[in-house]
Amino acid sequence: MREQQLPVWADPSVSPADLDAQGVSRRGLLRGAGLFGTAFALGAAGSLAAPAVASADSRHYGGDDPRLAYLVGDHHIHTVYSHDAKYTFSQLAAAGATYGLDWMVFTEHSNFGHADFGAALEHREILKARAENPRQLIFQGLEWYIPAAEHCTVFTTPGPHEVDLLTRFESAYDGKLLGYTDGSVGGANTARNEAHAVEAIKWLAEQRRTGYVDDVLVLANHPLRLGIDSPHEMRAWRDAAPEIMIGMEGAPGAQGAAIPGWRGATSMRGEYENKPSAQSWPGYPAEAYLTYGGFDWSTATVGGLWDAMLAEGRLFSITTNSDAHRIVFDTWRNGDWPAGQNFDNTGKLPDPVNTDTPQPGSDFWPGQFSRTHVGVTRYGYRAVMAGLRAGRVWLDHGHLLDGLDVRVKRDRDHVRGVTLGGRLRVRKGEKLTLTVTVTTASRPNPQGILPELAHVDVIRGAVRGPVTDRDAWKAPDTKVVHTEDVSGRKGTYTLRIPITAGDESFYVRLRGSDGNRNGTGYLGASVDPHGPIPHEPGDGDPWKDTWFYSNPVFIDVG
């Protein structure tokens, strides 16, 4: 891989206003769809009003779905207000604009410096970044150290209480700050710590219910990186408030961690370079600690943990993001501390300094490689959060696709059909059509490669309801049921795939790739004959192995 030059927008002396012509956004698409209204205000309401969305537990059966436009975003980004990152808000927001992001969530690590000082200071810079980048929706969030487990993104709508909500939450519920880190099997404090995580999510739900904030969402980050997010914990978080705890990173950030010759011979994409520890849940196999085509094992394994949760008939979304801390081939370093200052007594690192020499890093700029696409019915902060909650989500790496639209409908109906995250009620034996409209990449990605989609896989799984074993991580009735070879197809085209409803409810989800690297899935060829596979340590060029995934559509038979 060739070395990348530091982009102009990484220079804090360059005004974001000078970058408008370089940015790529869906503003024109939103106008064309009638979804982009007048300028929005960040008052007490937080954004333009968005339609009410049913909770993740409801059984709202759709027919004709609303018109959607997809906004591209990243919910996991770190700045100088995280102890281990190095960029300013302005640098990162300008980068996101250049790479076409419509929405971003800044998620600083919890620690005492952040809780005591950083969060309030950070908010002033977020307000500045919002003013400098009026095309972008910029959320303030937090990377929560989950008691007894790993990390979560927590974020809320802009409004008068956004900082207060996050700092109160951090002080009362952060596992690192409280010392509630033990999650080992049989640990003296494990049960208490796991219960505290559940209470934390319930507390967030209460703040939304009472109107203290308009909205708040939680997503688990890099769930299998350390193997400490057990299946029963993930189910407990979801069940505590499914309208708040909506999903997990299907693919982690740090996708540049294994660029050949960059970080070392043992490096892996996502920095998934760990072995089981005393804190790890012992039911995970050793293979769970790797990424597959850059995706977390829980997502990449057909019939694995994600499918086991979907097989309960409850939506649990996936996302992807940059987890930006230190960008590959970037030439900036952290600035020097003034005498007597440190992170604990300031809550902020010194601003970065350019060295003109590439520095260590694993991450890409927001939007450069990883993108989460959220279907919205209008433009605004609440609309993005409503789209995430509804599950209208698909994701890609390497700018593999320009667009994706997925619908399921009865053959006898003359409507567009139910889209991602939705539910359709049908009768046993009824004939259905899965319609997949693909818009292929129309220009080279940030690496100078014009991506080409090679195949689209349809994955189908039976819905059996809640499990008895809360640590079950297999869905034995989920498999790839259809593969469409789309090599060489360009522009926008539509696949129409017939489906027949059987005796029981089910779901379908999609996956596809550039076709460069695949092999037998973890649960065997009869389940997944050509799924993503791990790369060799130290040899994981991410641009040569790119995939897209979609959320499911549920079909309830009865």
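**Figure 1. Packing of helix H4 against helix H6 in the predicted model.** The axes of helix H4 (residues 162-173) and helix H6 (residues 190-209) come within 11 Å of each other and cross at roughly 160 degrees, where axes are lines fitted to C-alpha atoms over the stretch in contact and angles run from 0 to 180 degrees between N-to-C directions. H4 is therefore roughly antiparallel to H6, a description used for angles over 145 degrees. On the H4 side the contact (heavy atoms within 4.5 Å) is made by Leu165, Arg168, Phe169, Ala172 and Tyr173, and on the H6 side by His196, Glu199, Ala200, Trp203, Leu204 and Gln207. By class, the contact of H4 with H6 has 7 nonpolar, 2 polar and 2 charged residues, with Ala, Val, Leu, Ile, Met, Phe, Trp, Tyr, Cys and Pro counted as nonpolar, Asp, Glu, Lys and Arg as charged, and the others, Gly among them, as polar.

**Figure 2. Packing of helix H2 against helix H3.** Helix H2 (residues 89-98) and helix H3 (residues 112-132) pack with their axes 9 Å apart and at an angle of about 35 degrees. H2 passes H3 in a right-handed crossing, meaning that the near helix is turned clockwise from the far one by less than a right angle. Phe89, Ser90 and Ala93 of H2 meet Glu122, Glu125, Ile126, Lys128, Ala129 and Glu132 of H3, and the residues of this contact divide into 4 nonpolar, 1 polar and 4 charged.

**Figure 3. Surroundings of Lys544.** Lys544 is found in the loop between strand S20 (506-513) and strand S21 (547-550), where strands (E, at least two residues) and helices (H or I, at least four) are DSSP runs numbered from the N terminus. Lys544 has a relative accessible area of 53% and is therefore exposed, a class that requires over 50%, whereas buried means under 20% and partly exposed lies in between (1.4 Å probe, protein chains only). Leaving aside residues up to four places away in sequence, Lys544 touches Asp514, Asn516 and Arg517. The C-alpha atom of Lys544 is separated by 9.5 Å from that of Gly293, which is 251 residues apart from Lys544 along the chain.

**Figure 4. The protein as a whole.** The protein has 11 helices and 22 strands, and 62% of its 558 residues count as buried.

**Notes.** Residues are numbered from 1 along each chain as its sequence is written, and side-chain values use heavy atoms, with hydrogens and water left out. Because this is a predicted model, local features need pLDDT of at least 70 and side-chain atom pairs count only at pLDDT 80 or more, while totals for chains, interfaces and linings use all residues.

Notes. Angles under 35 degrees count as roughly parallel, over 145 as roughly antiparallel, 65 to 115 as roughly perpendicular and the rest as oblique.
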